[in-house]
Structure formats: structure tokens, C-alpha cells
Amino acid sequence: MVSVCYIIKSDYWITKYVIDNLIKRASGCEIELLVCNTTKDQRTKDYLDNLIKSKAFPNLITVLVDEKQDMGLYLYFDLFKHAKYDYICVHPEKIFVENNYIVDLCYANYNIDKSGLTAIKNSIKDLELVPLLMTTQDEFHYVWKNKNNYIDGVYVFKKSLLSIVNDIYKFNSELDRKST
């Protein structure tokens, strides 16, 4: 099971098509959809309210809708706090995905040792092919890695990484206080 985080900044039609696509293409995996709606469009709100009631997607377990003003990355952090499952998928706006994209991303994340996160990139610009050790087969597989470590596209990571990031943030904050 995966918690999918999605921030709505576009109009109703884009939102509807992208969310329908991301749920339908995640067949084979139960998902929890965590949405932050930054629009004032009543149609979008009605669509989200009816998403669970309609039972159109059997793999959709729950939908949490948060309505806030756009505050950039902080909106994702708010959604991460509500995630119930071991994997979190960040799904940017206006991206359509292929069948089983979440299963493929979670499989790669689980099997590639120390992968951190796995992603479906928007383009092949700034990529390099590198060997990484697979944990289950104990052999190397070649994967595409971003040269500059910039993250874009749809990506999945283990929820446990958030505690590591939080610990680093607390450590750096403590260092900043001691140096002043």
C-alpha cells in the first residue's frame, strides 16, 4: 500500500484527468490519496468529495483533502504527516503515468540497496547510467541516475526516510543555536 501525495493548483479538468489516471494506472496496489487543494473551484471540491463515494476505483482506500493556500514544499510536508503507509509517492501536477507505475517504483526502491527514492523522470536530460547493487539478488543492475541529484517527475520513497531528514534538521538547528 502506498500514500500518494498530490497538490492541486490547476483547474478542474486537469485535476480530474490526472487524478483519474494516477489511480487507474496504480492497479495492483492499494493507495491512499492525500490531496491538498489550493484552488477555489467548487467543481474540484465536489469531485474530491465524490471520489470515494463513487467506488469507481477499487484500489482507492481513502482520500484526505486539505485546503490551504499555496506555500510550496511545505504543503507536501503537511501531507506527509498524514501518510499511513510504508511508501510515499509524490505525484506532481500535469503528469500522466503508465500502468503499474507505483508497483514498479516500489519494487525498484525495495530491491536497490540505499536507493533513497526512485523516480520516473520527465526527460532524459542530465542522466547517467550507473551500476547499483540489488539487495534481493545480490547482483549489480544498471539504473539511470540524475547527475545533479535534482528530483523531478513522479517519485516514491520509504516513509522511514522522513525521520532521518527530521533528525538531520534538528541536528543542524542545534548547531545553528550553539554557533550564535
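Two strands count as paired here if DSSP finds at least two bridges between them. Keep in mind that this is a predicted model. By that rule, strand β1 (residues 2–8) and β2 are a pair, running in the parallel sense over seven bridges. To get from β1 to β2 the chain passes through α1, and this β-α-β crossover is right-handed. If you want a landmark on the pairing, take I8: its bridge partner in β2 is N37.

Now have a look at β2 itself. In a regular strand the side chains alternate between the two faces of the sheet. So is one face of β2 covered, or both? Both are: I31, L33, V35 and N37 are buried on one side, and E32, L34 and C36 are buried on the other.

T38 counts as buried because its relative accessibility is 19%, and the cut-off is under 20%. Its side chain reaches the backbone oxygen of I8 at 2.5 Å, and I8 is the residue that bridges to N37 in β2.

What about the nonpolar packing? The largest nonpolar core has 30 residues, and I19, L22, I31 and L33 have the most contacts inside it. At least two residues each come from β1, α1, β2, α2, β3 (60–67), β4 (87–90), α4 (101–111) and β8 (154–158). The largest share, five residues, is supplied by α1. Take L22 as an example: leaving aside residues up to four places away in sequence, L22 touches V4, Y6, I31, L33, H91, V97 and Y101. There is also a second, separate core of 13 residues, with C36, L75, L79 and A83 among them.

Last stop, the rings. The structure holds six aromatic pairs. One of them joins Y12 and Y47 edge-to-face, at 6.4 Å centre to centre with 80 degrees between the planes. This pair links distant parts of the chain, since Y12 sits in helix α1 (residues 12–24) and Y47 in helix α2, 35 residues apart. Are these two tyrosines buried or exposed? Y12 counts as buried because its relative accessibility is 13%, and Y47 does so at 10%. Ring pairs also bring in W13 and Y17, which join Y12 and Y47 in a cluster.

Technical notes: Residues are numbered from 1 along each chain as its sequence is written. This is a predicted model: local features need pLDDT of at least 70, side-chain atom pairs count only at pLDDT 80 or more; totals for chains, interfaces and linings use all residues. Side-chain values use heavy atoms; hydrogens and water are left out. Buried means under 20% relative accessible area, exposed over 50%, partly exposed in between (1.4 Å probe, protein chains only). A polar contact is a pair of N or O atoms within 3.5 Å; within protein, one must be able to donate a hydrogen and the other to accept it, and residues adjacent in sequence count only if both atoms are side-chain atoms. Rings of Phe, Tyr and Trp (its six-membered ring) pair if their centres lie within 6.5 Å; planes under 30 degrees apart count as stacked, over 60 as edge-to-face and the rest as tilted. Helices (H or I, at least four residues) and strands (E, at least two) are DSSP runs, numbered from the N terminus. A crossover is right-handed if, with the strands pointing away from the viewer, the path from the first strand over the helix to the second runs clockwise. A nonpolar core is a set of buried Ala, Val, Leu, Ile, Met, Phe, Trp, Tyr and Cys residues joined through side-chain atoms within 4.5 Å. Contact means heavy atoms within 4.5 Å.
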